[in-house]
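I opened these notes to record what I looked up in the structure, entry by entry.

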Amino acid sequence: MTSLVGKRALVTGASRGIGLSIAQALAEQGVRVAISARRQPDLDAALAQIEAAGGHGMAITCDVTDTDQIAALHEQIETAWGGLDILVNNAGSGKSAPFRSHPDALWHQMIAINLDSAYYITKAFAPAMLDQEYGRIINIASLASKAGGKYVAAYTAAKHGLLGLTRALAVEFAPHVTVNAICPGYVDTSMTDATIENIVEKTGRTSQQARHALEKSNPQNRLIEPDEVAAVAVMLAGHGARGITGQAINVDGGAIMY
Ligand SMILES: NC(=O)c1ccc[n+]([C@@H]2O[C@H](COP(=O)([O-])OP(=O)(O)OC[C@H]3O[C@@H](n4cnc5c(N)ncnc54)[C@H](OP(=O)(O)O)[C@@H]3O)[C@@H](O)[C@H]2O)c1
C-alpha cells in the first residue's frame, strides 16, 4: 500500500468540528495539512493541537465566500508547497428558515458557503492536480444532499448542488484525480449545538429533548462523532481508494440507504 506520508492537503473550515478532525486524522498519516477558517486565533489553536500530536502543517485565514481570499490562499499554498495532493472542501453552514418568509440573503449565504466555495476552491487547485496526474478531492456534503427536510430549502439546494459538482467532476477528472462526497447525518459539533438551540427557541423543548430528537433520526440513536467522518476521508485519500470516484458515502447510522 502506498502511504500518505508527505502528501499535501488543504482542509477548509478546519478550526473545529469535522474539519479539524479530518486535518488531525490526515496529519496522523504523515500528511502535511494546511488548515483554513475565518478566525486566526482558533486556527492557531487547532494547528497547535495537530503539532502537539506530531503533525505538520500551516494555518491560513480564509473566508471561503470571498474569491479574493481564495486567490490569496491558493497563492500561499502554491508558494509553500507547489500545489496539493488532497483537497477537502469542508467549510459550511446550515441555517434554517420557513420558506414562506425565507430571507433572500439567507438563500445566497447558504449557496455561497456550501456550494460556490467548493466551485471556486476546486477551480483554483484542481488544474495542478490534473497536471501532476494525482489528486483526491473530498467534498463534505450531507444527508441534505440526498433528501429534503422542512425549513432547510437553501442548505438542501446547496448540498444537492455540491453532490452534482462532485459527480460531474469525477467523470471530467478521471482517471488520476478522484472526486467524492461524504454525507454525514447529525454530527456532534458546534453546528449541531446551534441546531439544538434553534429547536429550543422555536419549540420551547428543552435542549435535552431537542438533542434526543436529532439522535432519533439516526437508527443507532446517537449523534455521529467527527472522527467517524474523518476515518472515511482518510480512506478516500488513500491509494487503495483510487477506483472510488463520484461516490457519496453516508455516515449516518443507516438513516438513508441510497
Ligand atoms: N454537524 C453536522 O451535523 C453536519 C452534518 C452534515 C454535514 N455537515 C457539514 O460538515 C461541514 C462541517 O460542519 P461542522 O459541523 O464541523 O461545522 P462547525 O463545527 O460549525 O465548524 C465549521 C468550520 O468552518 C469554518 N467556517 C465557517 N464559515 C466559514 C467561512 N465562511 N469561510 C471559512 N471557514 C468557515 C468555521 O470556522 P470560522 O467560524 O472561524 O470561520 C469552522 O472551522 C459543513 O460543510 C457542514 O455542512 C455537518
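**Entry 1. Terms and conventions**

I take buried to mean under 20% relative accessible area, exposed over 50%, and partly exposed in between, with a 1.4 Å probe and protein chains only. The model is a predicted one, in which local features need pLDDT of at least 70 and side-chain atom pairs count only at pLDDT 80 or more, while totals for chains, interfaces and linings use all residues. Residues are numbered from 1 along each chain as its sequence is written, and side-chain values use heavy atoms, with hydrogens and water left out.

I looked up Tyr-151 and found it partly exposed, with a relative accessible area of 46%. Tyr-151 sits in the loop between strand 5 (135–140) and helix 5; helices (H or I, at least four residues) and strands (E, at least two) are DSSP runs, numbered from the N terminus. Its phi is near 70°, a positive value in a residue other than glycine.

Asn-221 also has a positive phi, near 55°, and is likewise not glycine. I located Asn-221 in the loop between helix 7 and helix 8 (226–237). The relative accessible area of Asn-221 is 49%, so Asn-221 is partly exposed.

Helix 7 covers residues 207–216. Leaving aside neighbours within four places in sequence, I find Glu-215 in contact (heavy atoms within 4.5 Å) with Asn-221, Arg-222 and Leu-223.

I also noted a cis peptide bond between Ala-174 and Pro-175, with omega about 10°. Pro-175 belongs to the loop between helix 5 and strand 6.

**Entry 2. Helix 4 against helix 5**

I turned next to helix 4 (residues 104–132) and helix 5 (residues 153–172), whose axes come within 8 Å and cross at roughly 15°. Helix 4 is therefore roughly parallel to helix 5. Angles under 35 degrees count as roughly parallel, over 145 as roughly antiparallel, 65 to 115 as roughly perpendicular and the rest as oblique. The axes are lines fitted to C-alpha atoms, for helices over the stretch in contact, and the angles run from 0 to 180 degrees between N-to-C directions.

The crossing is right-handed, the term for a near helix turned clockwise from the far one by less than a right angle, anticlockwise being left-handed. On the helix 4 side I list, among them, Leu-106, Trp-107, Met-110 and Ile-111; the helix 5 side includes Ala-153, Tyr-155, Lys-159 and Leu-162. The residues of this contact divide into 15 nonpolar, three polar and one charged. Here Ala, Val, Leu, Ile, Met, Phe, Trp, Tyr, Cys and Pro count as nonpolar, Asp, Glu, Lys and Arg as charged, and the others, Gly among them, as polar.

**Entry 3. Helix 3 against helix 4**

At what angle do helix 3 and helix 4 pack? The angle is about 25°, with the axes 9 Å apart, and the two helices are therefore roughly parallel to each other. This crossing is right-handed. I see Thr-67, Ile-70, Leu-73, His-74, Ile-77 and Glu-78 in helix 3 meeting Tyr-120, Ile-121, Ala-124, Phe-125 and Ala-128 in helix 4. By class, the contact has eight nonpolar residues, two polar and one charged.

**Entry 4. Nonpolar cores**

A nonpolar core is a set of buried Ala, Val, Leu, Ile, Met, Phe, Trp, Tyr and Cys residues joined through side-chain atoms within 4.5 Å. The largest has 43 residues, of which Leu-10, Ile-77, Leu-84, Leu-87, Phe-125 and Ile-137 touch the most other members. Strand 3 (56–61), helix 3 (67–81), helix 4, helix 5 and strand 6 (177–184) each supply at least two residues of this core. Helix 4 gives the most, with ten residues.

Not counting residues up to four places away in sequence, I find Phe-125 touching Leu-10, Leu-73, His-74, Ile-77, Leu-84 and Leu-87. A second, separate core of 35 residues includes Ala-37, Ala-59, Val-232 and Leu-236.

**Entry 5. Gly-55**

Gly-55 is buried, with a relative accessible area of 6%. Its contacts, leaving aside neighbours within four places in sequence, are Ala-27 and Ile-50.
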